[in-house]
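The questions below go through one assembly, from single side chains to the way its chains meet.

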There are 6 protein chains.
Amino acid sequence: MILRVDRLQTELPPPSDPDPVGAAAVQELLGGKFGEMSTFMNYTYQSFNFRNRQGARPFYDLVASIAAEEFGHIELVSAAINTMLTGAADGEPGASGALEGVKGTRNTQQFIAGGAGALVQDSNGRAWSGDYVFSSGDLVEDLTHNFFLETGARNNKLKVYEMVDHPAARALTGYLLVRGGVHQVAYARALENLTGAQLMKLFPSPKIPTDKIPECRPHIERGEHLKLYRFSPEDYKEIVAVFKGPHPETGEDLVVADEAPEGFPWPEAPPEPDVFAPDHAPDDIAEIAQKLRKEAGLD
Amino acid sequence: MILRVDRLQTELPPPSDPDPVGAAAVQELLGGKFGEMSTFMNYTYQSFNFRNRQGARPFYDLVASIAAEEFGHIELVSAAINTMLTGAADGEPGASGALEGVKGTRNTQQFIAGGAGALVQDSNGRAWSGDYVFSSGDLVEDLTHNFFLETGARNNKLKVYEMVDHPAARALTGYLLVRGGVHQVAYARALENLTGAQLMKLFPSPKIPTDKIPECRPHIERGEHLKLYRFSPEDYKEIVAVFKGPHPETGEDLVVADEAPEGFPWPEAPPEPDVFAPDHAPDDIAEIAQKLRKEAGLD
Amino acid sequence: MILRVDRLQTELPPPSDPDPVGAAAVQELLGGKFGEMSTFMNYTYQSFNFRNRQGARPFYDLVASIAAEEFGHIELVSAAINTMLTGAADGEPGASGALEGVKGTRNTQQFIAGGAGALVQDSNGRAWSGDYVFSSGDLVEDLTHNFFLETGARNNKLKVYEMVDHPAARALTGYLLVRGGVHQVAYARALENLTGAQLMKLFPSPKIPTDKIPECRPHIERGEHLKLYRFSPEDYKEIVAVFKGPHPETGEDLVVADEAPEGFPWPEAPPEPDVFAPDHAPDDIAEIAQKLRKEAGLD
Amino acid sequence: MILRVDRLQTELPPPSDPDPVGAAAVQELLGGKFGEMSTFMNYTYQSFNFRNRQGARPFYDLVASIAAEEFGHIELVSAAINTMLTGAADGEPGASGALEGVKGTRNTQQFIAGGAGALVQDSNGRAWSGDYVFSSGDLVEDLTHNFFLETGARNNKLKVYEMVDHPAARALTGYLLVRGGVHQVAYARALENLTGAQLMKLFPSPKIPTDKIPECRPHIERGEHLKLYRFSPEDYKEIVAVFKGPHPETGEDLVVADEAPEGFPWPEAPPEPDVFAPDHAPDDIAEIAQKLRKEAGLD
Amino acid sequence: MILRVDRLQTELPPPSDPDPVGAAAVQELLGGKFGEMSTFMNYTYQSFNFRNRQGARPFYDLVASIAAEEFGHIELVSAAINTMLTGAADGEPGASGALEGVKGTRNTQQFIAGGAGALVQDSNGRAWSGDYVFSSGDLVEDLTHNFFLETGARNNKLKVYEMVDHPAARALTGYLLVRGGVHQVAYARALENLTGAQLMKLFPSPKIPTDKIPECRPHIERGEHLKLYRFSPEDYKEIVAVFKGPHPETGEDLVVADEAPEGFPWPEAPPEPDVFAPDHAPDDIAEIAQKLRKEAGLD
Amino acid sequence: MILRVDRLQTELPPPSDPDPVGAAAVQELLGGKFGEMSTFMNYTYQSFNFRNRQGARPFYDLVASIAAEEFGHIELVSAAINTMLTGAADGEPGASGALEGVKGTRNTQQFIAGGAGALVQDSNGRAWSGDYVFSSGDLVEDLTHNFFLETGARNNKLKVYEMVDHPAARALTGYLLVRGGVHQVAYARALENLTGAQLMKLFPSPKIPTDKIPECRPHIERGEHLKLYRFSPEDYKEIVAVFKGPHPETGEDLVVADEAPEGFPWPEAPPEPDVFAPDHAPDDIAEIAQKLRKEAGLD
């Protein structure tokens, strides 16, 4: 089971100029074949389906804990998309023309089905599918898949970084590139331990050095490229048996962090009355909420 | 972000007689339109896309925390499926006929794509889809959806309970029916607070009384039908402003539990060498793992 | 717009021995690429998208009216499926094992998602898709498509006839084969009028003579193979300009019937309490209905 | 079975300035999860699969007759899309550049697959799916679903109204909002009769008052918000047992209209030779049609 | 089995001004329902599933050999798309903004998932599906389907020709229209031989005369509209028994060419470092390749 | 472009006892995510989208030529499925009950949509999708993908080998395991040349030694595990620059064969009149064919 912490793994900027066309592209990092839904769900189901868990514990712990980090990634991509959509349409709720500004946007469902929010779709507006989950039960295969998946994910993050220059998208991809790199290293190390295969030499792939990206550098400076967090109060302690040794690019020592990162508050997501989020008259809900809080002695 | 706890929310029995045909039916509760992937992902994305969070905090906290509980449910369904598939084929790895016993099973991919494991599919072998997520941003709509979703989920759990009498399936559905009932009540209460609408009168739907199901009774006796867990170390404290008052069937007081349940260990999932899970020769991996543990000073 | 008549176009037998495996096969005739959903929706959307309607009225009238007949066909296939599923599981609602008899059936969703009812799926349990609709706007192309669609539909009806010998399936396919044949002739005649192409010579395709099928013969004897009904109180009167001349197999005159057939009552569909259709305790609903009727002066 | 009437339920304006980008958005109301295909098909299949019809007749009659009205709605949305696409490209058939003006439009298949016509797709160009049909057989569940479906549909209609200001789109959404409201009320009343639950208090949802929309007002003035048509020559007479009492917003009496509305002619859909609809040389077809009419004595 | 020849069936121009929006439209001819993947795969699987091959050899040879030609068509469409995307974005690899120029393009996956390359998708960004393959085993049905498929393909090619005036698209559609016409004639002739039906009279469909298209004329002048190539070193020699007689438009004699066309080199596809195709630093790969060539004595 | 040779790459046994349930499982090797359609189409599109072809020629030649071999694999799987379905139903065409024997089979569409033939589907009856194609343009990524794809393919072949003991399935999987192994080696060698990464150490994966499988041994004895065929009359000559060195299991030298294998005739595929393949009365077609042959001077 999980415990949820109402904070994000990295800091995202507050809403600024909206960029709905960019937000449609960022959807690839959420619901695309190589998006964060895929990394999250692949590692999650591999951990559920792990057989002989006790016999192969360090590998189980590695996969299960990285899965937990990935939840934080779907959260981050969704937050960035919401930020980029904030203010995109600014009309009066219920008025003709209120959403005219986004009539020609690439993903109209972000406004029609959603409330200026993230969808479980890719950049072409197609839904994420359970078919994207690979969970063969064969440990070497699953790890080979995971290394490849992180490679594809890195490719897509780089492309979205190049394509969308909205501050939220840049902060997002800068962070994800660094963290995804750690996962590539982790799966490569696991495979090396099991088979002797040297996938580290494929790193980084695509070969753009991570520290070339300005938005990655602050994270590298804080050592985020070396650290695998153990996202659990008590469990997954055998990760250290696999995740260690030198980083393939820098030679620095890989480390397992015994705690989740402290995190950052979500960026503000103000109401969007013209898409009824959370209502066409948000103050009404706020008033009810205030009354309920009072009754419950929370205020 | 989340922290992961390597325990299940309820106890499942260990593997006994395999039931692959039953396991194919249980997939509906995982990857079906009304399966646990849907409840998990709907509430998760609604929480990500929640606008004016601060203004409507009690409702945000409710949705966000129920989302966290649902992760535990995809875990449980997956564990039950693995249990039901354990031992279904028992041949020598790499030998013709090793899997002949499951050639005619309803979902061959549980063995060909998976390693006698759960798939992100429904009972007809079709993948779960991001299209099943409804996240309109409109709070009343999202809650109306959630009430309906839990209603459909309850229907499907009852049907699977009636269809599959494997001990793991019965333990699973018995628990999920009770917990799903709590969520129906929670969303009905939220809607009542916002609009005055009395959806409680639709409860239970389908109208089979939960305590008629023998596998539900032990959970009811422990008060699981009254309790909403706050699945978080520190957050989501305003749930209490919404989840309170009498239970619609029993009149007992609803309560918010300030901690996640203690949980139970996963049922054993022994290796299945004939599907290479985790390997055709599982002892090899266990040996490597043992060596790594030793090197890391874990043993 | 449409007016609905609560009768079926042909007589179907009442429920007898259930045949859920056969019912799964019959789904192909409902939601398959060449099923009745496809014929209904193809002709319907072609009529909606018909340009220069006035200039090409006889062709518009033909397509629009055949569309109306096809609604009756999705009705018939659904009725047959419901009939075949009646009594398939016969357990006590809410009891473990109540649906055990259908655990191994080919389409578990007929019971889990449905209430022993028809789904909008094909015989492999996949949903009908709007992609099956061809509506190019080019009249000759649309008619060529329609001729081909009816050919594929005839093929599938013959195969289902050969595969499923339940009385409801035989009554269904016997009728549909005759009516589909009339539509093949109609589209061939239309194309002949527009281009001179002699598609009649492809008739029947597959080449099994319709009157070889015993279940077709009563319909042929009543002249159903010659008659195109004008399914409208007042409209589509120019069909006669296209649908005329000799039948390609028998040489008899084709005729346009100026009225819809009188029809037959639906076969009985008794409650299935174990799948909660319409409820686990159907008498409760009947009682409420009775009270409402009384209040409304209907009784 | 059905009878078809070649008229629309409301008046739509004739083609004016084309708006292909708007037409792509309007597709959501046709083939989206909450589009008219969904309302039409959900109620239709629920009526086909209705068990114990006689025992629960007033509810059956209600669902079956609303299904019939919904056919008129897919008709209306399709007509509006055709109107909005008329004249969008205006080139010479077969000439390079003839369709260049729509190369960058949001849904190229409206021109490549279609003939400047409606597709069975949503606003992201994805096909409508039979998976959108919910037909559980459980009457309370189906009605709960229907209420929720109408709520989602209302949300989408409002959003499209806000997004697309083409006269055809405004006339369309104005009418559909009023009629969808009647269906919300109908399903809420049915549920109230069966369970006592007061879903009326959720009305309207989204909470924008319908009479705030100028395009809705003429329909409200004619009482269209109070009236449920019995779309049948003879059947479905027990609707009156359920659909009665005061309208939740206005307090006026709900009424069952014993006849379908008189209707309006389809807006003109002139040929589009550059997409070969109905031909690259439409006069040729008109000439053939004229000849056929003459031969049949229709002229 | 096949042998591959590294040449294209017709000449395509080298990259010029990029046209990513046009390239998104051209995808319809690759992965659309009527695209070249469909013609290729339909005829291929019909040949694999052909029963009584020896007894019906001339028809088998016809279908099997046309399948081989179609491989060349997916090649051509892909080459044209690559050409149209060349240079569309021209930024520095790894730099923010490098792909900004294509952020608003219709198919972002051509750049995010692909490397400025073709996808197996249609013009709305949806994947080609195995469902598009019709292979009933019934020879008359399969041929009727093929005639209809070529008709739809011709329609789409004409539309894309009208929509996209990029030189690569025009060269592509000009060639494909001529070759598709030959296949329409071939299937019509086959059906005529089997049934006497005169589908030739439907030709051309859409009725735009092929020689009206300037880009078709050079191919017609070389007799490409009359010639069916036998794409095989030794096999499929019985095509001549079916493909003969006069061309339906011109009356000239149809001919079977005993050899594949000589072909043309692929248009240049220069590296696109900003999408890492084949690398962010293409010279590195070229250097390795050069070293390998030398070691292998190829240089 | 391609030339087609009407022979199979290996010998398959003639039809014997039918095994439709096994044939449904074998579909995974055709239309599954890791089936031969996927290997064929992945390498094919990667070759179409290859940028800087001249600069990286040895790698292009490798991918392009392996693509050509894979066509032979979709052929083989299809032939095996047809063989396994031959005689599965043996009734009189057009007679009720003719297909009753396969009513309960796992994939009814093999008989309803097909003529006892292969479908472009996986073992759960779902269509192959263009989404399974990965073609990023980044050479290292594409090769990493291909190595992983072959690994997954090997897993599935082994599972199907274990599951289905029909002689055609065993002959098929025995051959494909050996050939797939060669492709794993080829892609590993290519990656080693580009990056130094040692993926060879992952070989074989799954770790079952290929020569443990009796059906693989004859192919190994003929050296098929060492040989990469150049499937082209003249092209792809630079493969030798990459495919060389020792085999990772045996240490023997890898070799490039300069010609395609000689091949074997297709196994007999007799008519199946009850599914109208190629007709309900196959002699009629044979007679027409004979007449056409004679007219063409072929007999």
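Contact here means that heavy atoms lie within 4.5 Å of each other, and the model discussed is a predicted one.

Q: Which residues does B:Arg230 touch, not counting residues up to four places away in sequence?
A: B:Arg230 sits in the loop between strand E2 (227-229) and strand E3 (255-257) of chain B. With residues up to four places away in sequence left out, the residues that B:Arg230 touches are B:Ser65, B:Asp235, B:Tyr236, B:Lys237, B:Ile239, B:Ala257, B:Asp258, B:Glu259 and B:Ala260.

Q: Is B:Arg230 buried or exposed?
A: The side chain of B:Arg230 makes a polar contact of 3.0 Å with that of B:Asp258. Buried means under 20% relative accessible area. The relative accessible area of B:Arg230 is 4%, so the residue counts as buried.

Q: How are chain B and chain A related?
A: Chain B can be superposed on chain A with an RMSD of 0.0 Å, by a turn of 180° and a shift of 0.0 Å along the axis. The two copies are therefore related as by a two-fold rotation axis.

Q: Through what surface do the copies, chain B and chain A, meet?
A: The contact takes 94 residues from chain B and 94 residues from chain A. Of the interface residues of chain B, 100% are also interface residues in chain A, so the copies meet through the same surface.

Q: What area is buried between chain B and chain A?
A: The size of an interface is often expressed as the accessible area lost when the parts come together. Carbon and sulfur atoms give 58% of the area buried between chain B and chain A, which in total is about 7,800 Å². In chain B, the residues that lose the most area to chain A, together 15% of what that side buries, are B:Met1, B:Arg4 and B:Arg51.

Q: Which element gives the most to the side of chain B that touches chain A?
A: Across the interface of chain B and chain A there are 51 residue pairs in polar contact. The elements of chain B that give two or more residues to the side touching chain A are strand E1 (2-4), helix H3 (36-48), helix H4 (57-85), helix H7 (167-195) and helix H9 (282-295). With 14 residues, the element that gives the most to that side is H4(B).

Q: Where do A:Lys244 and B:Glu295 lie?
A: The side chains of A:Lys244 and B:Glu295 meet in a salt bridge of 3.7 Å, N to O. This pair crosses between chains, with A:Lys244 in the loop between strand E2 (227-229) and strand E3 (255-257) of chain A, and B:Glu295 in helix H9 of chain B.

Q: Which two chains does the salt bridge of B:Arg126 with D:Asp131 join?
A: The closest N and O atoms of B:Arg126 and D:Asp131 are 3.1 Å apart. B:Arg126 lies in the loop between helix H5 (109-112) and helix H6 (139-163) of chain B, and D:Asp131 in the loop between helix H5 (109-112) and helix H6 (139-163) of chain D, so the pair joins chain B and chain D.

Q: How many residues does the largest nonpolar core have?
A: Among the residues with the most contacts inside the largest nonpolar core is E:Phe59. E:Phe59 touches residues of chain E, including E:Phe50 and E:Leu139, and residues of chain F, including F:Ile288 and F:Leu292. The number of residues in this core is 572.

Definitions and conventions. Residues are numbered from 1 along each chain as its sequence is written. Chains are lettered from A and ligands numbered from 1 in the order in which they are written. This is a predicted model: local features need pLDDT of at least 70, side-chain atom pairs count only at pLDDT 80 or more; totals for chains, interfaces and linings use all residues. Side-chain values use heavy atoms; hydrogens and water are left out. A nonpolar core is a set of buried Ala, Val, Leu, Ile, Met, Phe, Trp, Tyr and Cys residues joined through side-chain atoms within 4.5 Å. Buried means under 20% relative accessible area, exposed over 50%, partly exposed in between (1.4 Å probe, protein chains only). Copies are superposed by least squares on the C-alpha atoms of residues with pLDDT of at least 70 in both. Buried area is the accessible area (1.4 Å probe) that two parts lose on being put together, summed over both. A polar contact is a pair of N or O atoms within 3.5 Å; within protein, one must be able to donate a hydrogen and the other to accept it, and residues adjacent in sequence count only if both atoms are side-chain atoms. Helices (H or I, at least four residues) and strands (E, at least two) are DSSP runs, numbered from the N terminus. A salt bridge is a side-chain nitrogen of Lys or Arg within 4 Å of a carboxyl oxygen of Asp or Glu.
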